[in-house]
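Here is a friendly briefing to read alongside the coordinates. Have a look at the model first, and then we can walk through its packing.

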Amino acid sequence: MTSSYGQFCPISMAAEVVCTRWTVLVIRELLCGSTRFNDLRRGVPRMSPTLLSKRLKEMELLGVIRVEPTAQPGISDYVLTEAGEALRPLVMGLGTWGYRWMESTLSLRNLDPTLLMWDMHRRIDARPFPAGRSTIQFVYPELPESHRDYWLVIEDGTPEVCWVDPGYEIDLWVRCPLSTMTAVWMGYSTLRAEIAAGTIEVDGNPALARSMPVWLGLSVFAKPRDQDGMDEGRNPRLRGPAAGPAAATGPAGR
């Protein structure tokens with residue numbers, strides 16, 4: 001590490017490991033199951049490859065991760081050690097705190113379609129999908145053309161997100177503002193409410209459309225909503241609108 005608080009306090013020493021810029025987000029991605037460099041980049045698309053390499057090397061030296069060679073030349077897996085895995089409750093606790101105490105409108109100002117689609121594909125419930133391949137196209141019409149379309153491909157129970165058209169027949173189209181889909185994903189709104197309001201348009205296979213509330217899932221931090229639309233356990237003073245004007249900055253690495 002390049003700097004130190006110069007204190008023997010364990011909180012100080014732990015902060016020197018996890019509180020450098022981007023480090024806790026890289027740990028989040030590792031905890032979510034990403035082990036390859038390119039997959040880690042998908043979860044932190046605005047982090048430069050050079051800085052990601054630097055943080056991974058720092059975490060390896062500190063014993064948070066270990067680097068394991070794979071059968072592919074030049075490709076390694078980055079795997080959490082016991083010390084790294086022990087950070088899980090800390091990182092998840094930060095997310096739970098942020099969800100409960102940070103105003104939802106602040107979250108919806110930080111829109112990122114690459115992170116949203118990457119996160120969504122990790123939580124897809126493949127059980128409602130038929131055998132074979134199903135392709136769902138998500139369209140965010142307000143974004144620049146180069147970042148407007150994304151595809152989820154579920155083949156034999158395995159979800160994959162595609163950043164360019166895979167060329168498969170589309171089974172379902174989903175069209176909405178990015179802020180709306182982010183609000184649904186984070187549990188600030190519900191899919192059924194947004195479809196009923198016309199802010200999310202769904203067209204295609206009727207069975208996949210009906211089962212969308214099941215297979216789409218929610219962010220790991222999203223909480224069930226009560227009949228009044230409140231997120232259980234959230235601070236009512238910090239409620240924000242489910243969706244509103246928000247500009248997305250273009251993701252890197254598309």
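A crossing is called left-handed if the near helix is turned anticlockwise from the far one by less than a right angle, and right-handed if clockwise. Helices (H or I, at least four residues) and strands (E, at least two) are DSSP runs numbered from the N terminus. This is a predicted model, in which local features need pLDDT of at least 70 and side-chain atom pairs count only at pLDDT 80 or more, while totals for chains, interfaces and linings use all residues. Residues are numbered from 1 along each chain as its sequence is written, and side-chain values use heavy atoms, with hydrogens and water left out.

**The H8–H9 pair**
- The crossing of H8 and H9 is left-handed.
- Their axes (lines fitted to C-alpha atoms, for helices over the stretch in contact) lie 11 Å apart, at an angle of about 35 degrees; such angles run from 0 to 180 degrees between N-to-C directions.
- On the H8 side, Pro 113, Leu 116, Asp 119 and Met 120 meet Leu 178, Met 181, Thr 182 and Trp 185 of H9, where contact means heavy atoms within 4.5 Å.
- By class, this contact has 6 nonpolar, 1 polar and 1 charged residues; Ala, Val, Leu, Ile, Met, Phe, Trp, Tyr, Cys and Pro count as nonpolar, Asp, Glu, Lys and Arg as charged, and the others, Gly among them, as polar.

**How H8 is covered**
- In H8, 7 of the 10 residues are buried, meaning under 20% relative accessible area, with exposed being over 50% and partly exposed in between (1.4 Å probe, protein chains only).
- Trp 118 and His 121 are among the buried residues of H8.
- The cover over these buried residues includes H2, H3, E3, E4, E5 and H9.

**Nonpolar cores**
- A nonpolar core is a set of buried Ala, Val, Leu, Ile, Met, Phe, Trp, Tyr and Cys residues joined through side-chain atoms within 4.5 Å.
- The largest one has 35 residues, and Met 117, Ile 136, Phe 138, Tyr 140, Met 181 and Trp 215 touch the most other members.
- H9 gives the most to this core, with 5 residues.
- Leaving aside residues up to four places away in sequence, Tyr 140 touches residues including Met 117, Arg 148, Cys 176 and Met 181.
- Another core, of 19 residues, lies apart from it and includes Val 17, Leu 40, Tyr 78 and Val 91.

**A buried loop serine**
- Ser 34 lies in the loop between H2 and H3, and counts as buried because its relative accessibility is 5%.
- Its contacts include Glu 29, Leu 40, Tyr 78 and Trp 118, not counting residues up to four places away in sequence.
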